[in-house]
Structure formats: C-alpha cells, structure tokens
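User: I would like to go through this model with you and ask, for each label, what value stands behind it.

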Amino acid sequence: MPTFQLIVLNHPKRLTKLIDKFRRSFLWTGLENCSGGRCLVKWSMETTPELFKHSRKKEILVADALEDSQWISNLKTNPSYAVLQQFVWLYQKLQHIELNPHSDDSVTWKMSASGTFSASFAYHIQFAGSIHSPLENVVWKPQIPMKCKFFNWVALHGKCLTTENLAKRGWPHNLICSLCRTSNETADHLLLHCSFSAEFWRRILINFNLPPPSVLVPDCSLLSWRLASLDAIPNPAREKWNILQMLHSWFTWKERNNRVFNAKACSIDDLLQSLSEELHLWRSAGLKATKWVDPP
Ligand SMILES: [Zn+2]
C-alpha cells in the first residue's frame, strides 16, 4: 500500500505490525517469513577478533552457529593463547542464550535500556565519560571574538608558546621575560606575576571602575587565580571583569610578541588605549557582552 495512503487513512495497528513483519523478513531472509537467529555472527566487531580469525566459517548464521555448538567444531586447530582466552569468554556468554524459533529477529540498539535508537541519545552518548571543564562559562560563554577566547583557553592551560614551552620543544628561545627582564618567562609569570603585566591589569581596573586587584599568592597559577577571583566578584561586575581579564591576557601576549619579533615596545598607556579601542570596536559591532563600554 503506498506510503501516503498509510499516512491519511486510519489503518489498524495490526496492519502496521504485519507490514513491519514482511519488511523484517525480507531484510533478514528475502522471504515472507523468518525466525530467530537469521543474522550473521558479528564476533569480529565485538570482543573476539582473534577467535573470528580462527573460525573456518566466518559467514555462519547465529542459529546455525548455536545449533549443537557448531561454532566450536568450526574452529581451526592449534589455537593461540589469545584465541583460547576469547573462546572461554564467548563460551561463558553463550551458556545463557536460547533462541526462540517462533520469535522474529529484530534490530535493537544496545546503548539504551529500551533498545530503541534515537538521534538524541546517539548525540549524547558521544559525551559519555567526558569531564566538565570549569572554563566553559569563563572562556567560551562570553560573546566576544573567538581569537581572544582561543588564546585564553590555551594560556589558561599553560600551552601558549612562552620561552618555557619553547625550551621543552628544544626550539630557540631567550628565557628572560621580555616585559620585565627580571624573571624567566612562563605563562603564569607573563600574564599574572610579571610586574609589567600586573601594572597593566591594575590600570585596566581603575580605568573601568572595578575594585583594585587582590594580593597575589606567590606561585599561584593563572588558572586557579582566575577561577578564585571570579568566584569572589559579585554580578553584574563578574562578566565585565572576566572580559577585561581575557583582553588583558591577549594584549599582554601581543605586546610580548611585538617586543620579541619586532623589537618594538609600547607603554602601558599605549596598551590601555589599544585595549579601549578594541572594546569600542566590539561594542560597535553589537556584542552585547560589551554593552557597559561607554560610547566613544
Ligand atoms: Zn615579566
């Protein structure tokens, strides 16, 4: 019966089941009827790949394989240790399986308790075992340009190419921080502990009417400091503080690169001016996250 007729007519459920039975039978056997065990053994796809290689009949049906334990007599001689291990595992699994010759084969999806496939469930199964990152809201949620987000993500994990990381790769580098010239350059130093960087941050807070920076604990990492500081700041200033901190890291990094690769240095006043202009550009572009920026 054409599909569109099935859509408009109020047909009985029994008819749907009958059609589905024909469809399933054709799928498994190409005939009008089929019973349990018509599918091929797919041990190679499961957890017995060595056992599958050792079998003489790789296209055997489940029903045939289980009848009088034919799958065992189809195995080649001289099994390896891996084959024996998989044989014992499979043998134990099959002890509790009984095929019902009067029941139809059906396709089920093992990942859900109901055995029913859904696109939604398949999507969520991709995240099984994943770990929730506390940086989801800190780095990715703010509506600001991606290049700034990506840099902060890398920097907060200590992975930007500071001289510390260049040294790990054996690449040419100068260990000394190009901003303060007093300490070795690491991501935590450059973006948090460096005297130049700290002064730049202090000036940003003043310029944008935020409370002064808290006292830094020596050796505190940029990541733990950023998360702890954000927790301590009440809304609505939190989002503003976070965006300014992301910009601070990004502009500090750009200044570092300017000094290393172009031998040019900007003052903190220059950097502050560039940062303000960048914020005005974002606001002009309609980024809601920067609505607190005063119009130029
Ligand atoms: Zn420094």
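**Confidence, shape and a buried leucine**

Analyst: Among the elements of the chain, helix H1 (residues 3-8) has the lowest mean pLDDT, 72, while helix H12 (residues 195-207) has the highest, 95; pLDDT is the predictor's confidence in each residue, from 0 to 100, and helices are DSSP runs of H or I of at least four residues, strands being E runs of at least two, numbered from the N terminus. This is a predicted model, in which local features need pLDDT of at least 70 and side-chain atom pairs count only at pLDDT 80 or more, whereas totals for chains, interfaces and linings use all residues. Residues are numbered from 1 along each chain as its sequence is written.

User: What is the mean pLDDT of the chain?

Analyst: The mean is 85, and 94% of the residues reach 70 or more. Where pLDDT is low, the predicted coordinates should not be read in detail.

User: How many helices and strands does the chain have, and why is it called more spread out than a compact globule?

Analyst: The chain has 15 helices and 0 strands. Its radius of gyration is 33 Å, well over the 19 Å that the globule rule gives for 296 residues, so the chain is more spread out than a compact globule; the radius is taken over C-alpha atoms, and the rule is 2.2 Å times the number of residues to the power 0.38. Along its principal axes, the C-alpha trace spans about 85 × 60 × 35 Å.

User: Which domains does the domain assignment give, and how far apart do their C-alpha centres lie?

Analyst: The assignment, which is automatic or from a database, gives domain 1 (3-100) and domain 2 (137-290), and their C-alpha centres lie 59 Å apart.

User: Why does Leu-191 count as buried?

Analyst: A residue is buried if 20 or more other C-beta atoms, placed from the backbone, lie within 10 Å of its own, exposed if 12 or fewer, and partly exposed in between. Leu-191 has 28 C-beta neighbours inside 10 Å and therefore counts as buried; this residue lies in helix H11 (residues 187-193). Over the chain, buried residues make up 19% of the 296 residues.

User: Which residues is Leu-191 in contact with, leaving aside its neighbours within four places in sequence?

Analyst: Those residues are Ala-155, Ser-197, Leu-222, Ser-249 and Thr-252, a contact being a pair whose C-beta atoms, placed from the backbone, lie within 7 Å.

Notes
Contact = placed C-beta atoms within 7 Å.
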